[in-house]
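Student: I am new to this structure and would like to know what stands behind the terms used for it. Can we go through them one at a time?

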Amino acid sequence: MKLVAYYSRGGENHFGGQKIYLEKGNTQKVAELIADKLGADTFKIEPLVPYSENYDECVREVVADFRNNARPELKENLESIDKYDEIYLGYPNYCGDMPKVVYTFLESFDFTNKI
């Protein structure tokens with residue numbers, strides 16, 4: 001079985017030199033397309049306390065997470081990844097790295113022998 005796990009943020013986003021509001025984040029849109037093509041399950045990685053929908057405030061929150069090497073608590077998590085052979089991971093670039101909530105997800109499981 002296949003899984004597409006992703007973190008994506010809707011709300012106010014920076015696009016083409018301006019700020020626009022997105023109902024769904026770009027990573028979510030791509031993750032859904034990939035999952036559809038692969039016949040994969042999806043799992044949206046979400047922090048218990050969501051980042052602000054306001055772009056500038058979100059940036060401040062993200063920078064604070066990086067300064068503190070935070071591991072934000074997940075809103076929910078998968079019980080197990082045992083049934084999945086292939087796992088695809090999607091996320092936006094935050095501070096040249098993965099969002100800290102993605103680290104929380106990844107550190108929850110053993111990915112030995114997973115593709």
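Tutor: Start with N69, which lies in the loop between α2 and β5. Helices (H or I, at least four residues) and strands (E, at least two) are DSSP runs, numbered from the N terminus. This is a predicted model, in which local features need pLDDT of at least 70 and side-chain atom pairs count only at pLDDT 80 or more, while totals for chains, interfaces and linings use all residues. Residues are numbered from 1 along each chain as its sequence is written, and side-chain values use heavy atoms, with hydrogens and water left out.

Student: Does N69 count as buried, exposed or partly exposed, and why?

Tutor: Buried means under 20% relative accessible area, exposed means over 50%, and partly exposed lies in between (1.4 Å probe, protein chains only). N69 has 46% relative accessibility and therefore counts as partly exposed. The phi of N69 is near 45°, a positive value in a residue other than glycine.

Student: Why is N113 called exposed?

Tutor: The relative accessible area of N113 is 77%, so N113 is exposed. N113 belongs to the segment after α3. Although not a glycine, N113 has a positive phi of about 65°.

Student: Why does G25 count as buried?

Tutor: G25 has 2% relative accessibility, and therefore counts as buried. G25 sits in the loop between β3 and α1. Apart from neighbours within four places in sequence, G25 is in contact (heavy atoms within 4.5 Å) with S8, R9 and G10. From C-alpha to C-alpha, G25 is 11 Å from F15, and ten residues separate the two in sequence.

Student: And Q28, buried or exposed, and why?

Tutor: Q28 counts as buried because its relative accessibility is 11%. Q28 is part of helix α1. Its contacts, leaving aside neighbours within four places in sequence, are Y6, S8 and K44.

Student: How many helices and strands does the protein have?

Tutor: The protein has three helices and five strands, and along the sequence they follow the pattern β-β-β-α-β-α-β-α.

Student: What makes the strands β2 and β3 a pair?

Tutor: Two strands pair if DSSP finds at least two bridges between them. Strands β2 (residues 11–15) and β3 (residues 18–22) are joined by five bridges, in the antiparallel sense, so they meet that rule. E12 stands opposite Y21 in β3. Two residues lie between the strands of this hairpin, where G16 takes a positive phi near 60°.

Student: Which strands make up the open sheet, and in what order?

Tutor: The sheet has three strands in the order β4-β1-β5, with parallel pairing. Strands β4 (41–44) and β5 (86–90) are called edge strands because each pairs on one side only. From one strand to the next the twist averages 20°. Five bridges link β1 (residues 2–6) to β5, and the bridge partner of V4 in β5 is Y88.

Student: What packs on the sheet?

Tutor: Helix α1 (residues 26–38) does, touching β1, β4 and β5, and its direction makes about 180° with that of β1. Axes are lines fitted to C-alpha atoms, for helices over the stretch in contact, and angles run from 0 to 180 degrees between N-to-C directions.

Student: What makes a set of residues a nonpolar core?

Tutor: Such a core consists of buried Ala, Val, Leu, Ile, Met, Phe, Trp, Tyr and Cys residues joined through side-chain atoms within 4.5 Å. The largest one here has 19 residues, of which L3, Y7, I45, L78 and F105 touch the most other members. Elements giving two or more residues to this core are β1, α2 (55–67) and α3 (100–106), and α3 gives the most, with three residues. A second, separate core has five residues, including V4, Y6, A31 and A35.

Student: Why does the radius of gyration of the protein agree with a compact globule?

Tutor: The radius is taken over C-alpha atoms, and the globule rule is 2.2 Å times the number of residues to the power 0.38. For 115 residues a compact globule would have a radius near 13 Å, and the protein has 15 Å, which agrees. The C-alpha trace spans about 40 × 30 × 25 Å along its principal axes. Of the 115 residues, 36% count as buried.
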